[in-house]
Amino acid sequence: MADLKNDRFLRALLRKPVDVTPVWMMRQAGRYLPEYRATRKKAGSFMDLCRSPELACEVTLQPLDRYPLDAAILFSDILTIPDAMGLGLKFNTGEGPTFERPVRSARDVAALGVIDPNAELKYVTDAVSVIRKALNGRVPLIGFSGSPWTLATYMVEGSSSKEYSKVKGMMFDQPKLMHQLLDTLAQSVIQYLNAQIKAGAQAVMVFDTWGGVLTSRDYREFSLQYMTQIVDGLINENEGQPVPSILFTKGGGAWLEDMALSKCNALGVDWTIDIGEARNRVGDKVALQGNMDPCILYASPERIREEVATILASYGKGEGHVFNLGHGIHPAINPEHVAAFINAVHEFSAQYH
Ligand code: CP3
């Protein structure tokens, strides 16, 4: 595709033939890399790192300089939207994210406006432009956002949660209010992703990390409905090239057929479902991205290679597979194990194409 030296990631998302299976990792720029920890220290805080387009670019490229990855992902966070809405985001070491002003009442929801990505979030689109330029066509750049439901869980709970009692309380007792919140978020995500696309993102991914905590009924009504709305609102072409979209619901294996009915190009899958079975279920409707258990990376390089071979064999011959982990890489992983993983995907997958 146009200016790209390596376009296998985009080709696989569009279910076109490739030479080998493309691979990237969720959270590929992160704390398992000593060079990331050094840049993060230089930046001061995690959000300072996100807010500096130059430093965000530096960390985006770090994993690409170490490994032959087939895609880069914008360095940022899903919580930039609620932060821009004025909730007061804090990242406290060891505690995860917290909001000073969580959303709990009808008044709180009414006070939220659809974000303007060219105002409060300009640092994100600036980072996209800087990274795209620095990549110089090496690999495609992925833009991303959280799903409305997943953003709402953080905004209502005020922090990471185990039970989701507050956000589910609002959903069960005040469904109209929850829909009002999700609608504001969906409109914001559409603006945000389209701004990333215009700034140079060549594919976009929606992270629905907490859709899997819902019943099937509630998943369709409170999560998938809004992700479908987002896919419908996306600019799906830029610079004369298609811009594919990926929907990822962690724990969403039961709903792949429903997710495939949205007009997205690919579904992310976690490790709790066999990728061959997932492929049988979605047929030729969408590509699949996944799905190695990130904990395999704690095992020996031999065991990692064996797992890669098993997943490739399960998917089988043909197009439409992007290799990834089923969730983000953990901070304690040995970077040499990552090299074994990435190399194995390219080495073993040629026979399937
Ligand atoms: O994948 C990448 O390399 C791109 C960058 C990226 C980050 N966060 C950087 C980050 C992406 C795509 C995200 C998405 C994200 N953020 C999600 C969805 C994906 C998922 O993991 O389920 C979620 C739920 C968040 C919210 C978030 N951000 C949490 C809960 C935390 C703290 C937990 C933790 O791992 O410490 C973050 C912080 C965060 N986002 C870090 C990074 C590299 C670690 C911050 C640090 O350097 O201290």
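This note sets out points on the fold, the core and selected residues of the structure.

1. Basis of the note. The model is predicted: local features need pLDDT of at least 70, side-chain atom pairs count only at pLDDT 80 or more, and totals for chains, interfaces and linings use all residues. Residues are numbered from 1 along each chain as its sequence is written, and side-chain values use heavy atoms, with hydrogens and water left out.

2. Overall form. The chain contains 15 helices and 11 strands; these are DSSP runs numbered from the N terminus, with helices being H or I of at least four residues and strands being E of at least two. For 353 residues a compact globule would have a radius of gyration near 20 Å, and the 19 Å of the chain agrees with this. That radius is taken over C-alpha atoms, and the globule rule is 2.2 Å times the number of residues to the power 0.38. Along the principal axes, the C-alpha atoms fill a box of roughly 60 × 45 × 40 Å.

3. Of the 353 residues, 59% count as buried. Buried means under 20% relative accessible area, exposed over 50%, and partly exposed in between (1.4 Å probe, protein chains only). Among contacts with a separation of 6 or more, 73% come from residues 24 or more positions apart, where contact means heavy atoms within 4.5 Å.

4. The nonpolar core. The largest nonpolar core has 130 residues, and those with the most contacts inside it are Phe9, Trp24, Leu181, Leu267, Met292 and Phe341. Helix 10 (residues 175-199) gives the most to this core, with 12 residues. Such a core is a set of buried Ala, Val, Leu, Ile, Met, Phe, Trp, Tyr and Cys residues joined through side-chain atoms within 4.5 Å. Beyond its neighbours within four places in sequence, Phe341 contacts residues including Val23, Met25, Met292 and Phe323.

5. Asp77. This residue is found in the loop between strand 1 (72-73) and helix 5 (80-84). Asp77 is buried because its relative accessible area is 11%. Not counting residues up to four places away in sequence, Asp77 touches Phe46, Cys50, Phe91, Phe144 and Tyr192. Its C-alpha atom is separated by 7.7 Å from that of Ser145, 68 residues apart along the chain.

6. Gln229. Helix 11 (residues 216-233) holds Gln229, which counts as partly exposed because its relative accessibility is 28%. With neighbours within four places in sequence left aside, Gln229 is in contact with Asp183, Ala186 and Ile190.

7. Pro17. The loop between helix 1 (8-13) and helix 2 (34-43) contains Pro17. At 55% relative accessibility, Pro17 counts as exposed. Pro17 and Gly318 are 301 residues apart in sequence, yet 7.2 Å apart in space, C-alpha to C-alpha. Leaving out residues up to four places away in sequence, Pro17 touches Arg11 and Glu319.

8. Backbone geometry. Most residues other than glycine have a negative phi, and most peptide bonds are trans. The peptide bond from Gly290 to Asn291 is cis, with omega near -5°, and Asn291 has its place in strand 10 (residues 287-292). Tyr164 has a positive phi, near 60°, and lies in the loop between helix 8 (148-157) and helix 9 (165-173). Tyr164 is buried, with a relative accessible area of 5%. Glu239 also has a positive phi, near 50°, and lies in the loop between strand 6 (237-238) and strand 7 (241-242).
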